[in-house]
Amino acid sequence: MSNTTTERTAGISSGQQPALLETRGLTKEFRGFVAVSDVNLSVQPGTIHGLIGPNGAGKTTCFNLLTKFLQPTRGTIHYNGRNITRMAPADIARLGLIRSFQISAVFASQTVLENVRLALQRERGASFDFWRSEAPLRAYNERAMALLEDVGLAEYATATAGSLPYGRKRALEIATTLAMDPKMMLLDEPTAGMTHADVDHIVELVKRVAQGRTVLMVEHNLKVVEGLCDTITVLTRGRVLAEGPYAEVSRNPEVIAAYLGTDPEQSGAMAHA
Amino acid sequence: MADGSGFSPAPAAAKDVLFGFTLAQLLAFGLMVAFVVISPFILYPVFLMNVLCFALFACAFNLLIGYLGLLSFGHAAFFGMGGYICGHLAKVLGLPPELAIIAGGLVAAALGAGMGWLAIRRTGIYFAMVTLALAQMVYFFCLQAPFTHGEDGIQSIPRGKLLGFFDLSNDFTLYWLVAGIFLAGFLMIHRIVHSPFGQVMKAIRENEPRAISLGYRADDYKLIAFILSAGLAGVAGATKSIVFGIATLNDVHWNMSGEVVLMTLLGGLGTVFGPVVGAAVIITMQNYLAEFGAWVTVMQGGIFVICVLAFRRGIIGEIANFLRVRL
């Protein structure tokens with residue numbers, strides 16, 4: 001399945017340093033409906049890459065393809081020079097490619113500390129040891145607390161994650177993701193459903209944790225994209241419409257038309273920029 | 001997206017005191033042990049042994065539904081098969097009871113590996129349906145296989161001598177063995193739930209996609225838990241066949257799968273002590289209301305309806321909620 005020549009040339013096409021994540025001809029069809037069509041995406045290491053587009057553009061499908069929660073109909077995905085097109089989602093996580101979820105994904109009945117520890121616990125392998133007590137897990141408490149402190153959740157460590165307010169759940173999710181020490185993070189609308197204050201908080205957090213990492217984020221809020229992303233890919237109807245820095249893409253008449261045609265409020269934000 | 005579990009803001013989770021038990025759980029455990037030790041001097045030991053076998057069965061079932069969110073509707077297959085294997089080995093091959101019981105558990109675990117491997121590919125109601133269908137296949141196998149003796153079942157299984165020394169034909173001696181098996185099984189389940197494995201198990205129950213995205217292959221954990229649950233259910237069934245000296249089709253029938261669901265629901269899904277209490281209540285009813293014949297089933301149905309309508313958390317779940325502790 002994996003074509004060695006493709007693997008070797010993966011990323012060189014862009015002319016810069018090899019891409020960390022690259023797709024070629026990525027296509028997903030649902031019973032004849034083409035949700036994602038021939039998408040070539042290349043995410044440079046160390047950058048924050050935004051994936052935007054009007055509703056129904058195929059952002060979420062594309063995201064789910066990259067995180068392996070969906071299998072592509074055609075095309076390949078390379079990560080770090082390796083073909084991951086047919087890998088299982090749990091296995092790409094082991095390669096340091098960690099995703100977040102649109103709805104805050106925490107383990108509600110477990111404590112905030114346990115949530116983060118579950119990610120740290122990956123270090124000791126699969127944790128199939130059902131006969132052992134939790135004592136070996138206590139070794140991770142200190143690092144878990146440090147991570148919680150980092151996102152401002154230290155005082156909630158012993159609370160159940162389900163009892164946290166929404167914004168803090170997202171912060172907990174980011175702390176859990178960071179605990180995996182990911183090489184690359186895939187964020188699915190990190191600011192969806194948030195108040196203004198919370199949005200600023202998360203933007204700061206993402207900016208900070210992106211240091212030394214690569215981030216690909218799907219985002220609706222163009223203000224967030226403008227402030228955060230180095231490169232932006234615009235999708236419409238499953239296809240790539242434009243790619244480049246925000247300033248360049250936001251002036252692209254096709255992009256403006258695509259936004260105007262579907263969502264005047266968002267295009268207004270675009271025009272302001 | 002509604003995250004209101006009815007808790008006041010940020011309730012601190014109770015601290016573990018000993019062996020993963022919280023203080024409240026430790027007290028409840030002490031109470032349970034005291035009951036297990038004292039009751040045979042007051043109540044009929046064979047009845048109590050029956051309760052303990054079903055309590056272990058329900059606890060094993062609860063391991064799947066309570067901590068992994070998997071509703072198996074085929075657990076009778078493991079309970080019944082454990083009984084058949086144990087009975088056959090003790091009677092025909094003359095194995096000592098301890099080995100026969102262990103063998104019953106192992107065969108049930110192996111059966112669980114096969115059934116689980118097929119069933120975990122589905123979730124929710126489909127998982128329940130697949131387990132039910134596979135358990136029905138086991139039922140018809142037991143109806144036809146020569147060693148199970150069809151409608152007659154395996155009769156007059158010898159109780160034998162434990163470790164070649166303790167004569168189990170004495171109800172009292174046997175009671176301590178059964179009590180020991182129950183407590184060992186109970187503590188084993190508690191340990192599983194409070195192990196590094198248990199942490200991942202609960203994470204999968206809470207949010208499977210997220211657990212996967214952290215690099216945990218959810219299916220592996222489901223299969224291991226299924227095998228453990230099946231094995232313990234097999235031990236419970238095997239022990240029961242030694243106690244009563246018979247292994248019959250009753251124990252592999254889907255009715256039995258339904259009964260264990262009822263016991264666990266009544267006692268409290270996902271609580272540590274709920275299945276034990278649920279099993280005790282149901283077995284006591286069947287025992288002391290036996291004179292009403294078929295009406296017992298109607299009463300059980302009534303209780304089930306009341307349980308679902310009025311106290312969904314089950315007996316122990318409601319008590320724990322009232323006292324604001326975990327039990």
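What follows is a chat about a predicted model with chains A and B.

Visitor: Let's start with chain A: how many helices and strands does the secondary structure come to?
Guide: Chain A has 273 residues, and 57% of them count as buried. Contacts between residues 24 or more positions apart make up 64% of those with a separation of 6 or more. As for the secondary structure of chain A, the tally is twelve helices and ten strands.

Visitor: Is helix α2 of chain A largely enclosed or open, and how many of its residues are buried?
Guide: This helix covers residues 59-66. Its buried residues include Cys62(A), Phe63(A), Leu65(A) and Leu66(A), but also Lys59(A) and Asn64(A). The rest of the structure largely encloses α2(A), because the buried count is seven of eight.

Visitor: What phi does Lys68(A) take, just after that helix?
Guide: Most residues other than glycine have a negative phi. Lys68(A) goes positive instead, with a phi of about 70 degrees.

Visitor: Where is Ser127(A), and is it buried or exposed?
Guide: Look in the loop between α4 and α5 of chain A. Ser127(A) is another non-glycine residue with a positive phi, near 55 degrees. Its relative accessible area is 3%, and the cut-off for burial is under 20%, so Ser127(A) is buried.

Visitor: And His149(B), is that one buried, partly exposed or exposed?
Guide: His149(B) is in the loop between α5 and β3 of chain B, and its phi is positive too, near 60 degrees. Its relative accessibility is 43%, which lies between the 20% and 50% cut-offs. That makes His149(B) partly exposed.

Visitor: On to the interface: what area is buried between chain B and chain A?
Guide: The contact involves 34 residues of chain B and 49 residues of chain A. On the chain B side, Pro196(B), Gln199(B) and Arg210(B) lose the most area, together 21% of what that side buries. Carbon and sulfur atoms give 59% of the total, which is about 3400 Å².

Visitor: Which side chains meet in a salt bridge there?
Guide: The rule finds 17 residue pairs in polar contact across the interface, while the salt-bridge count is one. Its N to O distance is 2.8 Å, and the partners are Asp91(A) and Arg217(B).

Visitor: Which helix gives the largest share of the side of chain B that touches chain A?
Guide: Four helices of chain B, α6, α7, α8 and α9, each supply at least two residues to that side. By type, the residues there divide into 19 nonpolar, six polar and nine charged. The largest share is eight residues, and it comes from α7(B).

Visitor: Which residues of chain B does Gln110(A) touch?
Guide: Gln110(A) is in the loop between β6 and α4 of chain A. With 2% relative accessibility, Gln110(A) counts as buried. Within chain A its contacts include Asn115(A), Leu118(A) and Thr160(A). From chain B, the residues touched are Gln199(B), Lys202(B), Ala203(B) and Glu206(B).

Visitor: Last one: how far apart in space are Met145(A) and Glu155(A)?
Guide: Met145(A) is in helix α6 of chain A and is partly exposed, at 28% relative accessible area. Leaving out residues up to four places away in sequence, Met145(A) touches Leu113(A), Ala154(A) and Ala157(A). Glu155(A) is ten residues from Met145(A) in sequence, and the C-alpha to C-alpha distance is 9.4 Å.

Terms used
Residues numbered from 1 in each chain as written. Chains lettered and ligands numbered in written order. Predicted model: local features only at pLDDT ≥ 70, side-chain atom pairs only at ≥ 80, totals over all residues. Heavy atoms only, no water. Buried < 20%, exposed > 50% of the residue type's maximum accessible area, 1.4 Å probe, protein only. Contact = heavy atoms within 4.5 Å. Buried area = accessible area lost by both parts, 1.4 Å probe. Salt bridge = Lys/Arg side-chain N within 4 Å of Asp/Glu carboxyl O. Polar contact = N/O pair within 3.5 Å; in protein donor to acceptor, adjacent residues only side chain to side chain. Nonpolar A, V, L, I, M, F, W, Y, C, P; charged D, E, K, R; others polar.
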